[in-house]
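Here's a quick tour for anyone meeting this structure for the first time.

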Amino acid sequence: MSGRDPFCQPRRSRSGAGLTLVFVGVLVAGAATGSLPGHERRSAAADRPAPSASASEPSSVSPSASGPSAAASRHEQVARAAAEAMAAGKSPVEAAEHAVSRSGDRWGAVYSPGDFAEFQESLAGRYTGVGLWARRERDGRIDVMKVQTGSPAADAGIRAGDRLRSVDGAKVDGLPVTDVVSLLRGDAADAPAGTSVTLGLERGTRAWSRTLRRARLSTAPVTVRRLADGTTVIRISAFTKGVGDRVRTAVRAAPPASGIVLDLRGNSGGLVTEAVTTASAFLDGGLVATYDVDGRQRSLHAAPGGDTTRPLVALVDGGTMSAAEMLTGALQDRGRAVVVGSRTFGKGSVQMPTRLPDGSVAELTVGHYRTPGGRGVDGHGITPDLEAGGDPMGRARTVLTGLGDPS
């Protein structure tokens, strides 16, 4: 699976994956894991390390105490640890990270003020890097999986399939993708746009090195293509700002008699408001999900007026998570789409941010969401209606054909 640029592991956060679910602008968005269908350990990531490049994938989320008092207590403990460290002249961020780790909150994360501002900016689809996606192969080699058009990597002539052998002289064979991505970003030096990074590359029998300058880049989280049979494929890599409106525009522009494959494979999640807007493109109002925050039940609803007749297949895999799982569950439970693929990741917990005394931010788990049918996703994922087999897109198109003409 490909990693995505927008969602990045905080540069200084060591408390975990930092995977969060956003609700109505109150909670902070997070990102994907490096899981692949079948829960393989090979992973891929963009040159800004998403948690999609994380070293491991939990098969379930460890339960923790819930309810208003438990959640409030955890937030207070983390805030107190940060305040005490600051008073003692120590790092509040490190103290908060230790407190989060001790709390047993698998999805908790701590962001320095700069990290948090950078993370919020990533939700708009902007990032600092050289514009390449890296993938670790089974033999440990690191290959370039994709190069962003107009990026420093593209301008340097780097192509998909090239082998990445070193970053600033450090050999990368055998390293976890997260470490490779960290080297590309220059995390150790908090390298901003304009700083240089030297890549050692190989293509066939040719080996060479190129020095690139990191740049501020934008991503395209929604891509639309029309197949020869008239099928419209809408691929969403992450729910950054504006994604829902782009999907609605694509649905309206699709030929009236054509079906749609909504490709959510490897979707890292993101802004739940955008996932709800996306659901609204296919639903005529109604429930999208329920969730609890500190024990209080709340609900999310689609806007009326979506296209409810066009054949729809949602294509998912083990990298589909968080807000993408919420959308998949809504379309499946509401009978709006046939879900094809493999079981999704299973990230359905809700994190709430708390501002710490030094301006840093701690995110701790406060609840979980459920699909319209009442299914819990956390630790379970969404089971597809049909397995994808060896040709997921072909399987999706076959199923779409069987759904018939919408007229």
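Predicted model: local features only at pLDDT ≥ 70, side-chain atom pairs only at ≥ 80, totals over all residues.

A residue is called buried when its relative accessible area is under 20%, exposed when that is over 50%, and partly exposed in between.

**Salt bridges**

- Side chains of opposite charge can pair when their charged atoms come close.
- How many salt bridges does the structure hold? The count is twelve.
- Aspartate 143 has arginine 141 as a salt-bridge partner, with 2.9 Å between the closest N and O atoms. Arginine 141 is partly exposed, since its relative accessible area is 24%.
- Another salt bridge joins the side chains of aspartate 263 and arginine 265, at 2.8 Å from N to O. Here aspartate 263 is buried at 2% relative accessibility, whereas arginine 265 comes out as partly exposed at 22%.
- Arginine 336 and aspartate 307 make a salt bridge too, and their closest N and O atoms are 4.0 Å apart. Arginine 336 sits in the loop between helix H8 (323-333) and strand E17 (338-341), while aspartate 307 sits in the loop between E15 and E16, so this pair ties together parts that are 29 residues apart in sequence. Arginine 336 is buried, with 9% relative accessibility.

**Around arginine 163**

- You'll find arginine 163 in strand E6, which covers residues 163-167.
- Is arginine 163 buried or exposed? It counts as buried, because its relative accessibility is 14%.
- The side chains of arginine 163 and aspartate 173 make a polar contact at 2.4 Å.
- Setting aside neighbours within four places in sequence, arginine 163 touches Arg141, Ile142, Asp143, Asp173, Gly200, Leu201 and Glu202. Arg141 and Asp143, both in that list, are the pair from the 2.9 Å salt bridge above.

**Around threonine 308**

- Threonine 308 belongs to the loop between strand E15 (296-301) and strand E16 (312-316).
- With a relative accessible area of 42%, threonine 308 is partly exposed.
- Phenylalanine 282 is 26 residues from threonine 308 in sequence, yet their C-alpha atoms are 5.4 Å apart in space.
- Neighbours within four places in sequence aside, threonine 308 is in contact with Phe282, Leu283, Asp284 and Arg336. Arg336 is the residue that forms a salt bridge with aspartate 307.

**A sheet and the helix across it**

- Six strands make up an open sheet with mixed pairing, and the order runs E11-E12-E13-E16-E17-E20.
- The edges of the sheet are strand E11 (222-226) and strand E20 (386-387), each of which pairs on one side only.
- Strand E11 pairs with strand E12 (residues 232-236) over five bridges, in the antiparallel sense. If you'd like a spot to look for, valine 222 is opposite isoleucine 236 in E12.
- Which strands does helix H9 lie across? Helix H9 (residues 392-402) lies across E11, E12, strand E13 (260-263), E16, E17 and E20. Relative to E16, helix H9 runs at about 160°.

Terms used. Residues numbered from 1 in each chain as written. Heavy atoms only, no water. Helix = DSSP H or I, 4+ residues; strand = E, 2+ residues; numbered from the N terminus. Buried < 20%, exposed > 50% of the residue type's maximum accessible area, 1.4 Å probe, protein only. Polar contact = N/O pair within 3.5 Å; in protein donor to acceptor, adjacent residues only side chain to side chain. Contact = heavy atoms within 4.5 Å. Pairing = 2+ DSSP bridges. Axes fitted to C-alpha atoms, helices over the stretch in contact; angles between N-to-C directions.
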